[in-house]
Amino acid sequence: MIGLLLSIVALVGTACSSAETSNKQTSVKLIQDESVPYIGFLLDTLEEERWYKDKQLFEDHVKSLGGQVKTLAANGSDAVQLMQAQLLIEEGVDVLVVVPHNAEEGAKIVELAHKHKVKVISYDRLITKSDLDYYISFDNKKVGVLQATEIVKNTPKGNFVYIGGAETDNNAVLFRDGALSVLQPLIDKGDITLLADQYTEEWNPKNAENNMKAILTKSNNKVDAVVAANDGTAGGVINALSDVGLAGKVPVSGQDAELDGVKRLVAGTQTMTVYKPIPVIATQAAEMAYQVAKDKPITTDTTINNQKIDVPTILLEPMPVTKETIKSTIVKDGYLTEEEIYRK
């Protein structure tokens, strides 16, 4: 076992070392036809339901356009994600599409790719402090606005809790900014008391649950509403509320329209989720990557500053989903089926 661990460490270390000298290496395109665009898709994780949908839809659309694609998932390791970028570059990818595990660490991938004249598109999560080529995502500040607005509509006054995502994820910062733009005026007015404002390490639902348990204990269960950053953290929050008999009595927000989250809407334990149409972002990102690989011009909507440059950006519209709007949104789009959601 020790030997195996040392081998893994050596492999990651070698990959990181090679990343520093990779501009001296020659990439070989591992496909028969050199003219076919070859796209690398780097995911942070496949441990969350939504990313399987992104992967499948992105891959299918690249192939439908006539390109080739390979997807690798780092499952929460910055070192592994950098190693995977190195491997794809050595295989001759024309462009990398990256969901960074860590916004700042992702800059190393951009630097490495640019040494090989490979462009990088940041997918859903922004890579910061880098010369990133393009960014495609949803309006993430608006996600937070939608979450807080729906919870305030349900409970306009009282003791609120904010349970965010991972602080290393730039999106989590934007979700919080959006939510606080709604909550802060009510806090200043005295209608809302913010009992806690916490990020959740690694977006881990168990961490969110433990944080919520500590908040409930400290407040003697005097919590009136929770703005949770996604459906995973919402699930952890609801588990903690359930333990003290408050599940379904305290409104909780979410995001991603994951099946478990949508089932909680039906059950009444979760108040809302934010649906970010994955087919839209996956297909548009695939088209963007295909065009970039063919050196075609890209039309973007705006720019987002990533703490180094203004990155050409496409921002898509998120939408709120409640128990009453499930069928007119996510079911209508074919994202989830009625059978999946409502079957016993």
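## Confidence of the model

Over residues 1-25 the pLDDT stays under 50, and for this stretch the model has 21 contacts beyond four places in sequence. Where pLDDT is low, the predicted coordinates should not be read in detail.

The model is a predicted one, and for the protein chain the mean pLDDT is 92, with 91% of the residues reaching 70 or more.

## The seven-stranded sheet

Seven strands make up an open sheet of mixed pairing, and their order across the sheet is E2-E1-E3-E4-E5-E11-E10. Its edges are formed by strand E2 (68-73) and strand E10 (302-305), each of which pairs on one side only. From one strand to the next, the twist of this sheet averages 25°.

Asn-305 has Asp-310, in E11, as its bridge partner. Helix H10 (residues 278-293) packs on the sheet, where it touches strand E1 (38-43), strand E3 (95-98), strand E4 (119-123), strand E5 (134-138) and E11, and the direction of H10 makes about 170° with that of E5.

## The three-stranded sheet

A further open sheet consists of three strands in the order E7-E6-E8, and here the pairing is parallel. Strand E7 (192-198) and strand E8 (225-228) are the edge strands, each pairing on one side only. With direction ignored, neighbouring strands of this sheet are turned against each other by 20° on average.

Strand E6 (residues 158-163) runs parallel to E8 and is joined to E8 by four bridges; Ile-163 has Ala-228, in E8, as its bridge partner. Helix H6 (residues 170-189) lies across E6, E7 and E8, and runs at about 160° to E7.

## Packing of H3 and H4

Two packed helices are described by the angle between their axes and the distance between the axes. For helix H3 (residues 78-90) and helix H4 (residues 106-115), the axes come within 10 Å and cross at roughly 20°. Because angles under 35 degrees count as roughly parallel, H3 is roughly parallel to H4. The crossing in which H3 passes H4 is right-handed.

On the H3 side, the contact is made by Gln-81, Leu-82, Ala-85, Gln-86 and Ile-89, which meet Lys-108, Ile-109, Leu-112 and Ala-113 in H4.

## Packing of H7 and H8

Helix H7 (residues 205-218) and helix H8 (residues 231-243) have axes 7 Å apart and pack at an angle of about 40°, and the two helices are therefore oblique to each other. H7 passes H8 in a crossing that is right-handed.

The residues of H7 that take part are Pro-205, Ala-208, Glu-209, Met-212, Lys-213 and Leu-216, and in H8 they meet Gly-232, Thr-233, Gly-236, Val-237, Asn-239, Ala-240, Leu-241 and Asp-243. The contact of H7 with H8 divides into seven nonpolar, four polar and three charged residues.

Notes
Residues numbered from 1 in each chain as written. Predicted model: local features only at pLDDT ≥ 70, side-chain atom pairs only at ≥ 80, totals over all residues. Heavy atoms only, no water. Axes fitted to C-alpha atoms, helices over the stretch in contact; angles between N-to-C directions. Parallel < 35°, antiparallel > 145°, perpendicular 65-115°, else oblique. Left-handed = near helix turned anticlockwise from the far one by under 90°. Contact = heavy atoms within 4.5 Å. Pairing = 2+ DSSP bridges. pLDDT = per-residue confidence, 0-100. Nonpolar A, V, L, I, M, F, W, Y, C, P; charged D, E, K, R; others polar.
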